[in-house]
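Colleague: I am new to this structure and would like to understand it step by step. May I put some questions to you?

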Amino acid sequence: MRLSFYFLFILSFWGCKKSSDSVAPEITFYHWKNEIHLSSAETDYLDSLAVKTLYLRFFDVDWNPDRQEPIPISVINISSSKNLPATIIPTVFITNRTFLKIKNNEILNFSNKLLLKISTIQEGLPNVQIPEIQIDCDWSGKSRENYFLFLNILKKKIHKENKKLSVTIRLHQLKYPDKTGTPPVDRGVLMCYNVGDLQKWDTENSILDDKITSAYLKKNMTYPLPLDLALPAFCWGVLFRDGKMIKLLNQLENSELSDQKFYTTENKNRYTVRQSTYLHGHYLYPNDQIRLESVSSATLKIVAKQLKYALPSNQRSLIFYHLDSLTQVNYPASEIKEIQRIFGEVK
Amino acid sequence: MAPLIKIASIVLMITIISLPYQISKGCGPIDYSFKGYSFFDTDLVKTGSPFTDFFLRFDDFYHSYELADSVRNTSNLQEWNTIFCDQFYEKEIKEIIYGSVENIEAIQRASEKKKNKLGLRLSRNGFAKHLVDYQCTETIDYLLFAKSCEPHVTRNPDAWGKQKRNSVAMKALIYEGERVFLKLKSNNLKLRYAYQLIRLAQYAGDYTMALDLYDRLLPRIDPVESIVYDWILAHKAGALAKVGENVEAAYLFSLVFDRSDSKREAAFQSFSIRSEKEWQQCMLLCQSDHERATLHAMRASESHSKPVADMRAIYTLDPKNDNLELLLAKEIKKLEKDFLGTEFNRYRKDNEKYHKTPRKEATANLIDLTQFVIQVGKENNVRHPELWRLAEGYLLYLSNDLYAADQVFKEIEKTLTNEKLREQLAVFRLVLKITNYQNIDKANEQEIVQIIKKNDLYKKYPAFKKFIDDKLAYEYLQEGHAGKAFRMHYSLEAIKPNPQANIINDLIAIALDPEKSRFDKILTTNQDGTEMVDDLLDIKGVMLWDSGEPAAALEAFKQIPVAQRGENHFNPFIERAKICIHCKQPDSLLIYNRPAILERIFELEFKANSDYSNSALYFYQLGLAHFNLSYFGPSWNAMDYFRSGGNWRYAKSNIFLHWYFPFGNKENHDLSKAKSYFKKVLEVSKDRERSARATFWLARCDWLTYVTSSGYQAPRNANYLPSLPPEYRVYYQQLESDYAETDFYKWVIKECKYFQAYAR
C-alpha cells in the first residue's frame with residue numbers, strides 16, 4: 001500500500017513535468033475570399049486537421065479620396081454558412097493610408113461604423129461563436145498614433161461584449177517593438193510571409209525565405225503580446241514587364257507554364273514569355289517575365305523550427321494563409337500535421 | 001525709362017531662373033512622382049467624348065461614379081427631351097425625372113382631375129404642365145414605377161450601411177412591371193420598362209431571369225433610337241458573365257464600350273478574356289471589322305500594354321477608328337517618359353529608381369511604333385494623316401535622329417492647315433532647337449533669353465522652363481561651368497549650407513569678368529537687382545574658414561568693400577558656463593563681423609606665441625572662440641549660414657541630407673581646434689583655476705564629440721544620461737582627481753549634476 005502511494009506520488013510529478021512540455025498549436029486557416037461557400041473537399045480537409053476556428057476576412061477598408069472617409073470594400077458575401085467551423089474570427093484588413101489620412105477626431109466614428117458593419121455581416125452566420133475580432137494593418141511610424149488610438153477604442157468596445165481584439169504583427173515589428181510600438185490589443189498574429197521584396201526580379205521567393213526569416217527570429221525572443229503564428233500556404237506568379245513588377249497571378253502553378261510554344265524557362269521558377277498569350281485573364285507580351293512563387297512543406301518546416309526556437313510558448317494557434325481549392329492539394333493534411341508537431345506534442 | 005525696363009526684365013529673368021525646386025532627400029516634402037517633360041498635346045486626339053481622358057490616363061482609371069452618373073443623366077435628359085420634340089428646358093425635365101417622388105405624385109393627381117391643380121412651382125415647369133395637360137398617363141406611371149425601383153438598384157450613399165436589397169420586393173416589382181409592359185403603346189416606354197425589369201432581376205441576383213426577360217421583352221419592342229439599348233446590353237453582359245457565358249459577355253461589353261459614353265469605363269472594367277481560345281471565339285461573334293477593331297482597342301488599353309501589334313490590327317480592320325489616334329497619343333506619352341531629355345533630366349536617377357524608366361524594352365517599342373507610324377503616314381488611310389506625319393517627326397526626334405525629324409517637320413510645314421497641328425509643329429521645332437544647343441556661346445544665350453522673354457509657346461507650355469533649365473545646366477557642366485549649371489536650378493541660398501568650391505569659384509570668375517554676357521549678368525545678379533559678387537566672396541570666405549584655411553578666408557572677406565562686409569554680429573571670445581545657442585547678448589558687448597573675428601584670432605595666436613607670461617590666457621580665449629564658433633556655440637553663424645537643431649547627431653562628414661539643399665547641410669561639429677587650444681592651456685598655465693576651467697571645457701568637448709559620433713547610441717529613456725565610454729571621460733575624471741581644491745571645481749560640482757556621474 002505504502003509502495004503504491006510512493007508510485008502514485010512519483011507519477012504525479014512525472015505528470016507535472018510532462019505538462020510543461022511543448023504543446024502543438026491548434027491549426028486554423030485564414031479564409032480570404034469574397035464569397036463563403038466551403039466545398040465538401042475543403043470541409044473534409046478542415047475536419048481531418050480538427051480545425052475548430054476559421055479566420056474569416058469580412059471586408060477591407062480603404063481611404064476614399066472622393067468622399068474623404070474610410071469605406072469598406074470587397075465585403076464578403078455569405079452564400080452559405082454551412083460546414084463552417086464552430087468558431088469564426090472576423091478579420092478586417094485596413095490600408096495604412098486610411099490611418100495616414102483619417103483625422104484624430106474621426107476615429108471614434110470610424111470604429112463605431114466598423115463594429116456595426118461586422119455585426120451586420122455576423123447576422124448571416126447564425127450558428128457560430130465569435131470570441132475575437134482581428135485587424136490586419138501594416139502600420140507605419142506616421143500612422144501609428146491613429147492606428148493605436150483606433151485599436152484602443154475598439155478594444156474597449158468589444159471587451160464589453162466579452163470579445164478579444166487581435167492584430168497582425170510583421171517580422172520587423174516583432175524585432176523592433178521599441179521603434180514600431182506595441183499595439184494596445186489582447187493578442188497578435190505573427191505573419192511569417194510576404195518577407196521578400198516582391199518588386200525585384202532577383203528576389204528568390206518573396207512569400208517565404210528562411211534566410212530572411214532567420215535574420216528576424218532569434219532565440220527566446222520576447223514580445224509584449226501573446227502571439228499566434230501565421231504561415232503561408234499559397235502560390236502566385238509575379239508578372240514583370242519591362243523590368244517592372246506589374247501584376248500578381250494568384251494560384252498560378254507550374255503546369256500552366258509548361259507549353260514551350262509560349263514560355264521558356266531558365267530555372268525552376270522563372271519563365272519568359274515567347275509568344276503573346278492570355279494567362280489568368282491577363283494578356284502577356286513576348287519577353288514578359290514570370291517568377292513563380294510557392295512555399296514547399298520543407299521550407300515551412302524550417303521556418304516552423306525557427307519560430308519554435310525564437311518564440312517558445314504553449315497555447316497558441318498556427319494559422320495558414322489561406323484556405324482555397326488548391327490548399328489541400330499542395331499541402332496535404334499529413335504535411336500540415338508534421339509542421340504542427342514541430343511545435344510540440346499534439347494533444 | 002529704358003534702364004528701368006532693363007532692370008525689370010533682368011529681375012524677371014532672375015526670378016524665373018531662381019524659382020526653387022524640390023531637389024534632394026532628407027527631412028522634408030519628398031515628391032516621388034515621375035519628373036520629366038511632355039510636349040505632345042493630347043487635345044489633338046480628343047474626340048469630344050467626355051471619356052476620352054479615360055484613354056489618355058496612364059495605368060489609372062477614374063473610379064468616379066459621380067462622373068459616370070453625370071454623363072448618364074445628361075444623355076438621359078437629352079433623350080427625354082428628344083422624345084418630347086425638344087419642347088422643354090433640360091432643367092425642367094431634370095426636376096421631374098431626378099426630383100422627388102412627391103413631384104410625380106402631384107403631377108399624377110393633377111392629371112387625373114379635370115381641374116388641373118399643380119402647385120405654384122410645378123405649374124411653372126413646362127414638362128410637368130405638359131404631362132398634366134396631355135394626360136400622359138403612361139409616362140407618369142412609368143416615372144412612378146422607376147422611382148419605386150430606385151431604392152433597390154442604386155448605391156447606398158452610406159458606404160457603411162446595409163445594402164438594401166429585398167429580392168422579394170424586387171421580384172414583385174418585376175411582375176408588376178411586366179404586366180404594365182404588355183399593355184403599353186409607346187415603344188420608348190416599353191424599352192425603359194424592359195431596362196428597369198432587367199436591371200431589377202440582375203440586382204436581385206437572378207441572372208437567368210434577367211436573361212429571360214431580355215429574350216422575352218426586347219422582341220416586343222419596335223426599334224427606336226435610344227441610349228437605353230446600351231444600358232440594357234450592359235446588364236445583359238453582366239448577367240451572362242455571372243452565368244459563365246464569358247465570351248458573349250465580353251463581346252457585349254465591347255459593344256457597350258464602343259457606343260455608350262456613360263457605360264464605357266464600367267464596360268472596360270468588366271470586359272474579361274481569359275484565354276486565347278476565348279479571344280478567338282469573341283472575334284467570331286463580331287459582326288463587323290469595326291467591332292473587331294474595338295476588341296483590339298480594349299486589349300491595347302489595358303494598363304502596361306504594348307499596343308503596337310493591336311494598333312496594326314485596328315489599322316488593318318478599321319483605319320479610321322477613333323481609338324487608333326487615342327492609342328497613338330497614349331503611346332507617345334509613354335515614350336516621352338523614356339526618351340525626352342533623359343540625357344540631361346536632372347531627375348534621371350530618381351526616375352530610373354522609382355519608375356523604372358527608361359523601360360527595359362523602350363527602344364524596341366519606339367522602333368516598332370515609329371515604323372508603324374511611318375507606314376500609316378504614307379498610306380493616307382487614317383482619319384487625320386497629317387497628325388500621323390507630325391507624330392512621325394516627333395518619334396524620330398525621340399529616337400535621337402534629329403536630322404530626320406527636322407526633315408519631316410520641314411516637309412509637313414507646307415501642308416499643315418489645321419491651326420492646332422501647326423502649333424504642335426512649332427512646339428516640336430522649338431524642342432528640337434533647344435536640344436540642338438551644344439557648346440553654348442553668347443549668341444545661343446541671347447537666343448535663349450529671347451525665347452524665355454518673347455516666345456508664346458514657352459509661356460503656354462510649362463514643360464519648356466524645366467526643359468531649358470535642365471538642358472543648359474547639363475551643357476554648362478560639360479563645359480566646366482559648375483556655377484552656371486548650378487544657377488540654372490537654384491538660388492544662391494541653396495548652396496550656403498554646404499558651399500562647393502567649383503561652383504563658387506566659377507560664379508566669382510563670371511561675376512568679376514568685366515566683359516560678361518547679358519546672360520551671365522543675369523546669373524550673377526540677386527533677385528533685388530544687386531550684384532552677387534559680394535555674397536559669393538562672403539560664401540567663399542566662410543567655406544575656406546570651415547575647411548581650415550583662415551588666412552585664405554580672410555583674404556576673400558577682404559575683397560568685399562568694407563561697407564559691404566556685413567554688420568557686426570558675433571563675439572565668440574566671451575565665456576558662458578552654460579551652452580547657449582540663442583542667448584541674447586548684452587548690448588554693451590563688443591561685437592565683430594567675420595573678417596574682424598579672424599583678425600582677432602590671428603592677433604591672439606600671435607600674442608599666445610610671443611607673450612609667454614600671458615600665453616595661457618590667450619590660448620584659453622582661442623579655445624573658447626573655436627568652441628563658440630562651432631555648431632555648439634552661440635557664434636555658429638559666423639562660420640556657417642544654416643543650422644538645424646535636429647542635427648545634434650552623427651552624419652558622415654557632418655553633412656546632413658536636406659530636401660531643399662542639393663549638397664545637404666554641413667554642420668560644424670568639429671571641436672578638435674578648440675580642444676587643441678585648451679590642451680595648450682594645460683601645458684602652459686600656472687593658474688590652477690584656469691587649468692580647471694580648460695579641463696572642464698575639454699571634458700565638454702569630448703562629451704559633445706561622443707554624442708555626435710557614429711558609435712553613439714541614445715539612451716532609451718530621454719531622462720537618462722548617455723553612457724560615456726572611458727576614453728571620453730578622461731577629463732571629467734582629471735578634473736575631480738587633479739583640481740578638487742579649486743573654486744571652479746567646487747562651483748561645477750554644485751551646478752552640474754551630470755558632472756558627478758561622469759567623474760566617477
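**Confidence, form and contact**

Modeller: This is a predicted model. Chain B averages a pLDDT of 89, and 91% of its residues score at least 70.

Colleague: Among the elements of chain B, which has the lowest mean pLDDT?

Modeller: Helix 17 of chain B, residues 308-317, has the highest mean, 98. The lowest mean, 52, belongs to residues 2-18 of chain B, which form helix 1.

Colleague: Over residues 16-25 of chain B, how many contacts beyond four places in sequence does the model have?

Modeller: Where pLDDT is low, the predicted coordinates should not be read in detail. Over residues 16-25 of chain B, pLDDT stays under 50. The contacts the model has there, beyond four places in sequence, number 25.

Colleague: What radius of gyration does chain B have?

Modeller: The secondary structure of chain B comprises 39 helices and two strands. Its C-alpha atoms fill a box of roughly 120 × 65 × 60 Å along the principal axes. A compact globule of 760 residues would have a radius of gyration near 27 Å, whereas the value for chain B is 39 Å.

Colleague: Which element of chain A gives the most to the side that touches chain B?

Modeller: In the model, 19 residues of chain A are in contact with 19 residues of chain B. Strand 4, helix 4, strand 12 and strand 15 of chain A each supply at least two residues of the side of chain A that touches chain B. The element that gives the most, with four residues, is helix 4 of chain A.

Notes: Residues are numbered from 1 along each chain as its sequence is written. Chains are lettered from A and ligands numbered from 1 in the order in which they are written. This is a predicted model: local features need pLDDT of at least 70, side-chain atom pairs count only at pLDDT 80 or more; totals for chains, interfaces and linings use all residues. Two residues are in contact if their C-beta atoms, placed from the backbone, lie within 7 Å. pLDDT is the predictor's confidence in each residue, from 0 to 100. The radius of gyration is taken over C-alpha atoms; the globule rule is 2.2 Å times the number of residues to the power 0.38.
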